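User: I would like to learn how to read some features of a protein model. Please take me through them one at a time.

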Amino acid sequence: MRFLRGHRVLPVILLCVLLLIPGCWSGHELTDQLIVLGVGLDKVGDQVRLTIQGIRPEAAISTASSPSGSGGSEQPPFSLVAAKGDSVQEALQKITRRVPRFIYGGHNQVFFIGESLAREGIMPYLDLFARSQWSQEAAWVVIARGGTGQELLTTTNLVAKYPSMGLAETVRAHQVDIPTLFQFLLHYHEDSGAQILVSAAAVKNQTAPPGYQMEQLRLQPNAIFQGDKLKGYLDDSDGEAYAWLKYGFQGTRFSFPVSALPGAPVLGVSLSSAPAEFRILSTPDLGVGVEVNCNFSVTEDIPSPLNSPAAIRALENRLDQTLSQRFSLLFAHLQADQADVFNLAEKVHAYHLALWEKDKGRWPEVYAQLPVEITVNCHFRHSGVMSKYPGFKE
Amino acid sequence: MSQTAPLPKAITPSLEENLLYLHQMLQGCDDFVFRPFRTAADIPGMLVYSILSTDQNFLSQTVLPALYRLEMRPERGFFPEAIRDRLPFLPEKTFTGWPDALVALSGGSTLILLDGVAETFPAATAQVEHRGIERSETEPVIRGPQEAFTEALSPNLAIIRARMKNPDLKINLLKLGEKSHTDVALAYLEGEIQPALLAEIRKRLSGIKLPSVQESGFLTEFLARNSYTPFPLVQSTERPDKVIAAMLEGRGAVLVEGSPFALLLPTTFWHFFQSPDDYFQSFFVGTIIRWIRYLAYILAAALPALYLAFTVFQPDMLPLRFLFSLSAARENVPVPTVVEILIMLIALDIFREAALRLPRSIGPAIGIVGALVLGEAAVSAGIISPIMVIVLALTAISTFAIPTEDLRSTVRIFSYALVLFSSVLGLYGFLLGASAILLHACSLDSLGVPYFAPVATLHWREWQDVFVRAPWPVIGSKQQKIKAQRRGRH
């Protein structure tokens, strides 16, 4: 046993020690796991109801082997398991006892939170998921507007077999930014403590012909949160403006009347920009400057030819005005609600420590009174695909 | 050979005594023939040879007539030297002792014994049938020389000599094997090989004590001096062009009578990934193909283990849609993934071994039956998942993309080892196992050259023949020298 002599034995011992270090021998066969795609959390009476949407692999097999559809199976390709408990932990344990599989949440896509639970405060219920191996980075937190999380888990979708996956498809298609659990936790611990979460409601497409009115999720970034409690909703216009400021115009299509005159023609443009920049002004009083620089291209027919710099400048100014009005309205509403969703508190804390120390106890009131100066600079970049405008003589 | 016979070490002047001794020694060897003759001077003599390995035409047309015409008498003195002058086919060397003479006799030489002469003359009449030079089976290339070594030593050396017309090409001959007395040749290029390295190779060769050397593989462990590693520390090749290239790099080649595989040493890990193809094609193609081989090696060693680690331990790291497919495919498989993998790996090795041993004509058929029929049947029977078949097929194909058999046969060991590591600790275990293998490989050396040189020794100038196949004008100006690599150790 020459090879065990001297220094050669050391790596072997080290290796054995390394093998013992992790202490997790936690392999689970795929066939022993219930792969969770979505979680619904609702308040029912005094208890919390946990609903889990997991995939049914056998259904996936039948659909995979017969391309014609669900393979004769009338059941949806997912299973919903729900349990009530005094805590999420208790409900999860009940589910674990009921499902003969290990509940695997590493690929969970979304937490649908019922509105009543959201109003009460969601932190105690999300804490379990934030601590354990459930995916925090990728799983979205979505508020069920006027409904329950369980309902949303059953909303079928045009594009995907699994409702939770359908959400992902919708998000990808519409470029909606939905905060994940991780982002929610980050904002939750910020100075302002306020943030906007995305709410969803299952709506039927009423304008579609009868028989085609699929129930679909409508996502809107409008649920105002103060701490972990739902305070209310922004209206559609404000929600849109919020997303523009927060995430920038990501190729957003937008239509606006080319002049303030009634009956003015509407021009369609495509906007793109970085997220808005917020500056805290302190001379002489505390204020906030919001600067939005965006580029736009014309995507729809142009009512009057943009053949002169003056015409282009006029169009730019018109767009600046329109957007400024939208943003001003948004800030007016946010200040009325005392919801510092852009976390201006942190900026004050960072750049004006003395002011912050003075006012931090009554920040919501200070925020509500903050003068907001909005600057929008739109730059015309492209006149669309047409090289000649109808009726324009060269 | 009789053990009771007296063992005179020396040949005596008496033909009778010598014949008596020979008869005793060759008792039971029915292939040896004693053919008496008388020279022109009426001296009785005897030819002793084996009818199996002797060129009898040469014997009867050249040797015997010359002996019949021999007119010298022992009384006149200078007898052996004079005889050799008159018999031009005799080699320089004569034997005065029996052991050497008997070895020569067994090797196909004809012993000429003359009465009154205490020496025997070996006539080089050896003739053994061997196959001709054929295409390389184990290291085929698309472009480039196709010929491979054969089992006979001298034609092999002749090819090398013909390709390297240079007196610096030195070929040292020696005999190894206490019983078999096998001819072994050490070939090298003087001026390219380091003298210390040459001395070390010679020392190790002369230190080999084996009863018989039937294949160059017998020598590898003696030359590498490390049997406790799955890595091949000595490269074997049946391609003359590889031998030439190795000698130009300052490496030595050991060829063994009876083996079509030459040994090249010292060897680094990266040598096994070099195929002559690389050098015969463009620099880009050569480099890309080499990278594909590295990838194939990693896949062959790691793919089953990674599959196991990802599906059982770290499904979080797989894309969700991929997980759907995996989950659906595995749904009805009754055995755990690790058992499934082990069953398939073992089955794969059995197929490989079976296809290898079967006659050429039905070997491929068995491979197809094994892979397609059995795999398909196992999947439809629900014993294994279709994804597992894909994983294992990819592993098997990757194994075949490794250009040298030395490496190909050892990669399976790592494949099993990594699967076992993964089955216990998932990706962590996999990384642990892979690190252990890598550390082990870095600790090895082949005749003093670090096994992972020049990569682990950071001789980045020499990486031009590891990570890329540098263009010929770059390589050609300075062939890589082992010298620089030795810096790591000595």
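User: Which residues make the nonpolar surface patch of about 390 Å²?

Analyst: A patch is made of residues with over 30% relative accessible area and no salt bridge; like charges are joined within 9 Å, and nonpolar side chains (Val, Leu, Ile, Met, Phe, Trp, Tyr) within 5 Å. Accessible areas come from the Shrake-Rupley method with a 1.4 Å probe, and for residues only the protein chains shown count as cover. In this case B:F284, B:V285, B:I288 and B:I292 make the patch. This is a predicted model: local features need pLDDT of at least 70, side-chain atom pairs count only at pLDDT 80 or more, and totals for chains, interfaces and linings use all residues. Residues are numbered from 1 along each chain as its sequence is written, chains are lettered from A and ligands numbered from 1 in the order in which they are written, and side-chain values use heavy atoms, with hydrogens and water left out.

User: Where is B:F284 found, and why does B:F284 count as exposed?

Analyst: Helices (H or I, at least four residues) and strands (E, at least two) are DSSP runs, numbered from the N terminus. B:F284 belongs to helix α10 (residues 283-313) of chain B. Buried means under 20% relative accessible area, exposed over 50%, and partly exposed in between, with a 1.4 Å probe and protein chains only. B:F284 counts as exposed because its relative accessibility is 59%.

User: How many residues of chain A are in contact with chain B?

Analyst: Contact means heavy atoms within 4.5 Å. Here 31 residues of chain A meet 27 residues of chain B. Buried area is the accessible area (1.4 Å probe) that two parts lose on being put together, summed over both. Between chain A and chain B this is about 2,500 Å², with 68% from carbon and sulfur atoms. A:E29, A:L30 and A:H107 supply 24% of the area that chain A buries against chain B, more than any other three residues.

User: What does A:E29 touch, and is A:E29 buried or exposed?

Analyst: A:E29 sits in the loop between α1 and β1 of chain A. Its relative accessible area is 12%, so A:E29 is buried. Leaving out residues up to four places away in sequence, A:E29 touches B:V312, B:R330, B:P336, B:T337 and B:V338.

User: Which residue forms a salt bridge with A:E29?

Analyst: Side chains of opposite charge can pair when their charged atoms come close. A salt bridge is a side-chain nitrogen of Lys or Arg within 4 Å of a carboxyl oxygen of Asp or Glu. The partner of A:E29 is B:R330, with the closest N and O atoms 3.4 Å apart.

User: Which salt bridges lie within a chain, and are their residues buried or exposed?

Analyst: One of them joins A:D42 and A:R49, whose closest N and O atoms are 3.1 Å apart; both A:D42 and A:R49 are buried. Another joins B:D241 and B:R239 at 2.7 Å between the closest N and O atoms, and both B:D241 and B:R239 are buried. Salt bridges that share partners also join A:E29, B:R330 and B:E340 into one network.

User: How many helices and strands does chain A have?

Analyst: Chain A has 13 helices and 14 strands. Of its 394 residues, 47% count as buried.
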